[in-house]
Amino acid sequence: MKGITLPSWNKDDYDSPEAGTYLRQIAATGARWVTFTPTWYQDGVTDAEFRPTDETASDESLRHIVRLAHGAGLKTMIKPHVDLVKGGDRAGIRPADADAWFAVYRRFITHYAELADETGTEQLAVGTELAGTSGDGERWKGVVSAVRARYKGPLTYAANYDEYRGVAFWQELDLVGIDAYWPLGERPTADAAALRAAWQPVAEELGAFSARLHRRILFTEAGYVSQRGTTTAPYSWTVSRTNGDAEQAAGYEALLAAFEGKAWWAGVCWWMWDDWPGAGETPRKLAYTPHGKPAEGVLRRWWGAGR
């Protein structure tokens, strides 16, 4: 996968006039995939229910953006998220009533499985970074079975980089998905060679994990903000207020150089392209987007014609 995520934060984002422009820009990098992220919300980490809100991409907007993506020559993945209303880490969700929460989850994810089937979406993630539940193999196996009854395409689950070993249902899926936010050192650096070297022990570990499970590994997310220090904490939106375009580009270069050509590696979907007008909490020049920055040039070199 040569992919980039275009997340949504409001019900009409994927209907916005900018949607077609963003997809054409994504395709121009050499990307061949785009990921969309409809999100439902729950109030507290122990709650048994969650729901769509005004920040959830509407079904019609999701259908619209998939059509536009296909028209731009891009394959699509739908990667639904469950987040907390007041913010916080979704990995902390640990429902007090697991049966009730999983019943809601099954309705949630089969809804998107049906939408993915209807729209010809090429791949589906059955969940994202739900470390508080992903060790519950039996309940998740029931979820995956319900999804497969509605959607025949390949399935993955997007585990956080510190979660993937504890996921209890990889064998039910077609790909191991990892959100690859590994810290690559304790000090900021724009030395791509040093960052590539930092990936080597991770690559060895992942290669062995892939061999044990007989599953290829997809980086369902990876990314770096344009801030000095981003490679020390790639998961952080707020590492510093100092521009780090060179460090962001080095992070892109190092990841692609470290994993390209490995038979067990299924590719990467970068987090993320431009934010919607008025939605960005982080100034664009400091945000995750590579658009118009040296990191976009890295993508174009790696993903250009013939690669």
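Which residues is T282 in contact with, leaving aside its neighbours within four places in sequence? The exercises below treat a predicted model, in which local features need pLDDT of at least 70 and side-chain atom pairs count only at pLDDT 80 or more, while totals for chains, interfaces and linings use all residues. Residues are numbered from 1 along each chain as its sequence is written, and side-chain values use heavy atoms, with hydrogens and water left out.

**Exercise 1. Place T282 in the fold and list its contacts.**

Step 1. T282 belongs to the loop between β10 (265-270) and α7 (294-303); helices (H or I, at least four residues) and strands (E, at least two) are DSSP runs, numbered from the N terminus.

Step 2. T282 counts as buried because its relative accessibility is 14%. Buried means under 20% relative accessible area, exposed over 50%, and partly exposed in between (1.4 Å probe, protein chains only).

Step 3. Leaving aside neighbours within four places in sequence, the contacts of T282 are Q227, W237 and A287; contact means heavy atoms within 4.5 Å.

Step 4. The loop between β10 and α7 also holds M272. The peptide bond from W271 to M272 is cis, with omega near 5°.

**Exercise 2. Describe how α2 and α3 cross, and which residues meet.**

Step 1. Two packed helices are described by the angle between their axes and the distance between the axes.

Step 2. For helix α2 (residues 59-71) and helix α3 (residues 98-119), the axes come within 10 Å and cross at roughly 35°. Axes are lines fitted to C-alpha atoms, for helices over the stretch in contact, and angles run from 0 to 180 degrees between N-to-C directions.

Step 3. On the α2 side, D59, L62, R63, V66 and H70 take part, and they meet H111, Y112, L115, E118 and T119 of α3. By class, this contact of α2 with α3 has 4 nonpolar, 3 polar and 3 charged residues. Ala, Val, Leu, Ile, Met, Phe, Trp, Tyr, Cys and Pro count as nonpolar, Asp, Glu, Lys and Arg as charged, and the others, Gly among them, as polar.

**Exercise 3. Compare the span of α3 with expectation, then examine its buried residues.**

Step 1. The 22 residues of α3 should span 32 Å at 1.5 Å a residue, and the end C-alpha atoms are 31 Å apart, which agrees. The expected span is 1.5 Å times one less than the number of residues.

Step 2. Buried residues of α3 include W101, V104, F108, Y112, L115 and T119. An α-helix has 3.6 residues a turn, so residues three or four places apart point the same way.

Step 3. The cover over the buried residues of α3 includes β3 (39-42), α2, β4 (75-78), β5 (81-84), β6 and α4.

Step 4. W101 is buried, with a relative accessible area of 0%. Not counting residues up to four places away in sequence, W101 touches Q42, D47, A48, F50, I93, P95, L130 and T133. The C-alpha atoms of W101 and T133 are separated by 9.9 Å, at 32 residues apart along the chain.

Step 5. V104 is buried with a relative accessible area of 9%. Leaving aside neighbours within four places in sequence, V104 is in contact with A48, E49 and F50.

**Exercise 4. Locate the kink in α5 and identify what covers the helix.**

Step 1. Helix α5 (residues 192-213) has 22 residues, which should span 32 Å at 1.5 Å a residue; the end C-alpha atoms are 31 Å apart, which agrees.

Step 2. The kink, about 30°, lies at Q200, shortly before the proline P201. The bend at a residue is the angle between axes fitted to the seven residues ending there and the seven starting there.

Step 3. Among the buried residues of α5 are L195, W199, V202, L206, F209 and L213. Their cover includes β8, β9 (217-222) and α6 (245-259).

Step 4. V176 lies in strand β8 (residues 176-179) and counts as buried at 1% relative accessibility. Leaving aside neighbours within four places in sequence, the contacts of V176 include F209 and L213.

**Exercise 5. Are E129 and H214 buried or exposed?**

Step 1. E129 has a positive phi of about 55° although it is not a glycine, and H214 has one of about 60°, also without being a glycine.

Step 2. E129 lies in the loop between β6 (123-128) and α4 (137-148), and H214 in the loop between α5 and β9.

Step 3. E129 counts as buried at 11% relative accessibility, whereas H214 is exposed, with a relative accessible area of 66%.
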